[in-house]
Amino acid sequence: MSDLSKYRNIGIFAHVDAGKTTSTERILKLTGKIHRTGEVHDGAATTDFMEQEQERGITIQSAATTCFWDDHRLNIIDTPGHVDFTVEVYRSLKVLDGGVGVFCGSGGVEPQSETNWRYANESEVARIIFVNKLDRLGADFYRVVGQVKKVLGANPLVMTLPIGEEDEFTGVVDVLTKKAYIWDDSGLPENYEVTDVPADLVEKTEEYYEQLIETAVEQDDDLMMKYMEGEELTIDEIKSCIRKGTIALDFFPTYCGSAFKNKGIQLILNAVVDYLPNPTEVEPQPLTDEEGNETGEKAIVSTEEPLRALAFKIMDDRFGALTFVRVYSGVLEKGMTVLNSFTGKTERIGRMVEMHANDRSEIDRAQAGDIIAVVGMKNVQTGHTLCDPKHPCTLEPMVFPDPVISIAVKPKDKGGTEKMGIAIGKMVAEDPSFQVETDEDSGETILKGMGELHLDVKVDILKRTYAVELEVGQPQVAYRETITKAIEDSYTHKKQSGGSGQFGKIDYRIKPAEPGTGFNFKSSVVGGNVPKEFFPAIEKGFKSMMDSGTLAGFPVLDVEIELYDGGYHAVDSSAIAFEIAAKGAFRQSIPKAGAQLLEPIMKVDVFTPEDHVGDVIGDLNRRRGMIKDQEPGTTGVRIKADVPLAEMFGYIGQLRTMTSGRGQFSMEFSHYLPCPTNVAEEVIAAEKARQAAKK
């Protein structure tokens with residue numbers, strides 16, 4: 001099929017437990033892709049195929065599948081909701097053209113919904129909203145619509161209204177056609193009838209219809225005039241306006257239903273086809289040079305253009321390494337040779353498959369707009385661009401957050417070391433937010449990730465999937481160091497011992513930089529006291545020392561260094577002499593500039609029943625937390641706070657004890673802040689003791 005207007009590349013994303021995976025299951029059942037619906041709580045959902053997903057009832061990695069609705073091809077990606085796996089959401093959104101944001105009818109806009117919504121805004125992905133679980137106790141469609149406006153700052157365009165609430169929820173009113181869709185109690189999605197709007201909803205339907213038309217016609221001046229003059233607009237005219245506004249991100253068509261009870265899913269599928277963009281209607285991906293700067297060219301979505309494709313996910317399964325690829329332009333065929341513009345090497349395309357979760361069907365050809373997987377690519381990683389060797393280019397790369405937590409692991413037996421090395425290599429290729437390094441002194445392997453659950457799942461995968469038994473150390477916080485005051489200093493490196501000597505003198509100012517800027521180096525030397533050719537060596541010397549601070553050896557953040565004078569020797573000065581001078585200068589000056597320890601602060605979002613609010617706030621205060629906000633809901637209270645990561649280990653156990661098992665929380669990295677003196681002293685002493693023990 002080559003008509004790109006019939007393609008929809010969509011993702012389904014939401015907070016943990018809002019019903020993304022269940023919604024995906026219902027879509028697959030309705031489109032005839034699966035014949036028996038699997039349930040998440042039974043561990044049988046199609047897209048949750050990892051053992052860890054089935055046991056925990058959460059989605060860990062995004063799964064891709066293809067189905068058809070109303071002769072349109074839907075490439076769907078079901079993404080995780082848990083904050084530790086947001087990298088999966090982020091990279092899925094990078095390659096999608098549209099999305100369905102699922103919100104829980106009783107939980108509303110939850111913390112992870114905000115993060116995912118922010119990612120979708122950054123990636124400029126058009127979305128429709130599905131308020132799910134309206135059969136649940138405490139569900140309130142209108143409250144969730146209000147939260148979408150208030151919390152997300154978005155503009156929901158209400159397209160359906162619920163008929164009944166909680167146990168009484170039987171169907172929805174389609175505002176545009178003013179028809180009611182009512183399902184029977186069989187639970188089958190096809191068992192519904194279309195009737196007139198129930199009498200008690202007629203007035204409300206009219207009110208929302210007016211709002212819908214007035215919002216939609218703003219997209220088209222001619223239709224707006226027609227409407228103002230009292231002429232009746234056709235359904236197709238209104239739909240074209242809604243489509244235009246949705247693609248422009250001016251508003252988000254909002255639907256309601258219950259995926260679990262199979263109510264309202266057909267209208268979501270119709271909306272995907274009617275309002276979400278096809279690949280040619282999306283702003284084309286910018287092309288960049290090797291440094292990541294945009295060149296001004298775009299990857300126009302067309303089969304006539306040269307091949308441009310982005311590898312957005314690597315997955316290792318029982319058939320070997322799979323590289324998920326979104327084709328932006330041109331055609332990808334079996335047997336073709338493509339260039340990986342990141343490595344500069346070419347690779348031959350062997351087998352290509354269309355994915356349905358972890359099943360697949362072989363294909364020989366893919367074209368612009370397709371999302372497919374290639375089997376057995378050797379040197380391709382997440383974010384690499386595959387292109388036509390005659391037309392090299394780089395698509396906008398992906399940027400991933402730095403890990404904030406680490407654990408040391410070692411195999412229980414000697415034979416496990418090699419096995420663990422191979423397994424970890426595959427896992428790092430699959431997940432760019434998971435990093436690994438070896439501690440050279442102790443020989444320990446350090447795993448770094450986005451949170452306790454993230455690392456917990458990784459250790460579990462090593463044990464089960466790769467059969468590596470591990471001894472796991474205590475979680476370690478990713479502390480950082482910085483400076484607090486500006487100083488001027490001078491350093492001379494002089495070495496005279498047989499043969500040519502070494503000489504380099506530098507005068508420099510060192511001061512705290514803006515938070516988040518990292519390392520800045522500039523030179524204001526005039527008169528040639530330090531020749532220009534030595535500047536890069538001096539910068540390299542300073543920069544290489546940023547990895548290990550003077551307090552406890554943690555990486556250093558946000559330092560600005562200005563070289564303003566110095567001296568050199570016509571014979572003895574060299575690049576290496578000035579590099580050594582810069583390293584010595586860093587060690588000498590950082591303690592003088594008020595070196596300070598920084599700790600990662602997490603944005604924590606706790607949900608608790610009302611009668612435990614005092615306990616939860618008291619506990620967060622004891623953990624050095626700053627309470628930011630409290631928001632009462634129908635089933636409990638949401639408390640937002642900034643809390644140091646060091647104080648959050650094992651928090652879920654404590655929270656469950658305090659709230660009789662009913663509390664929930666999520667957290668994500670927010671920023672770094674200075675450590676209180678007493679805490680800093682303890683951390684520095686512990687780190688020095690740890691390093692001494694290694695020696």
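The model is a predicted one, in which local features need pLDDT of at least 70 and side-chain atom pairs count only at pLDDT 80 or more, while totals for chains, interfaces and linings use all residues. Residues are numbered from 1 along each chain as its sequence is written, and side-chain values use heavy atoms, with hydrogens and water left out.

**Salt bridges**

Side chains of opposite charge can pair when their charged atoms come close. Here a salt bridge is a side-chain nitrogen of Lys or Arg within 4 Å of a carboxyl oxygen of Asp or Glu, and a search of the whole structure finds 28 of them.

| Pair | N to O distance |
|---|---|
| Asp-71 and Lys-6 | 3.3 Å |
| Asp-370 and Arg-73 | 3.7 Å |
| Lys-628 and Asp-642 | 3.6 Å |

The salt bridge between Asp-71 and Lys-6 links distant parts of the chain, since Asp-71 sits in the loop between β2 (63–69) and β3 (72–78), whereas Lys-6 belongs to the segment before β1 (7–14), 65 residues apart. Lys-6 has a relative accessible area of 24%, and is therefore partly exposed.

The salt bridge of Asp-370 with Arg-73 ties together parts that are 297 residues apart in sequence, because Asp-370 lies in the loop between β21 (365–367) and β22 (371–375) and Arg-73 lies in strand β3. Asp-370 is buried at 5% relative accessible area, and Arg-73 also counts as buried, at 8%.

In the salt bridge of Lys-628 and Asp-642, the partners come from strand β36 and strand β37, so the pair ties together parts that are 14 residues apart in sequence. Lys-628 counts as exposed at 55% relative accessibility, whereas Asp-642 counts as buried at 14%. Elsewhere, salt bridges that share partners join Arg-73, Glu-354 and Asp-370 into one network.

Why is strand β37 described as largely enclosed by the rest of the structure? Of the 8 residues in this strand (residues 637–644), 7 are buried, so the strand is largely enclosed. Two strands pair if DSSP finds at least two bridges between them. Strand β35 (residues 596–608) is joined to β37 by 8 bridges, and the two run antiparallel, with Val-606 standing opposite Ile-639 in β37. Strand β36 (residues 626–632) is also antiparallel to β37, with 6 bridges between them, and here Met-626 stands opposite Asp-642.

**Nonpolar cores**

In soluble globular proteins, nonpolar side chains tend to be buried together. A nonpolar core is a set of buried Ala, Val, Leu, Ile, Met, Phe, Trp, Tyr and Cys residues joined through side-chain atoms within 4.5 Å. The largest such core has 69 residues, of which Leu-212, Ile-238 and Ile-242 touch the most other members. Helix α9 (residues 265–275) supplies the largest share of this core, 8 residues. Apart from this core lies another, of 47 residues, including Leu-462, Tyr-466, Leu-551 and Leu-597.

A contact means heavy atoms within 4.5 Å. Not counting residues up to four places away in sequence, Ile-242 touches several residues, among them Leu-157, Leu-176, Phe-251 and Tyr-275.

Val-556 is found in the loop between α12 (535–544) and β34 (559–567), and is buried, with a relative accessible area of 6%. Leaving aside residues up to four places away in sequence, its contacts include Glu-481, Met-546 and Phe-586.

Lys-133 has a phi near 60°, a positive value in a residue other than glycine. This lysine lies in the loop between β5 (126–132) and α5 (141–152), and Lys-133 counts as buried at 16% relative accessibility. Leu-249, which is not a glycine either, has a positive phi of about 65°. Leu-249 lies in the loop between α8 (235–247) and β11 (252–256), and is partly exposed, with a relative accessible area of 26%.

Definitions and conventions:
Helix = DSSP H or I, 4+ residues; strand = E, 2+ residues; numbered from the N terminus. Buried < 20%, exposed > 50% of the residue type's maximum accessible area, 1.4 Å probe, protein only.
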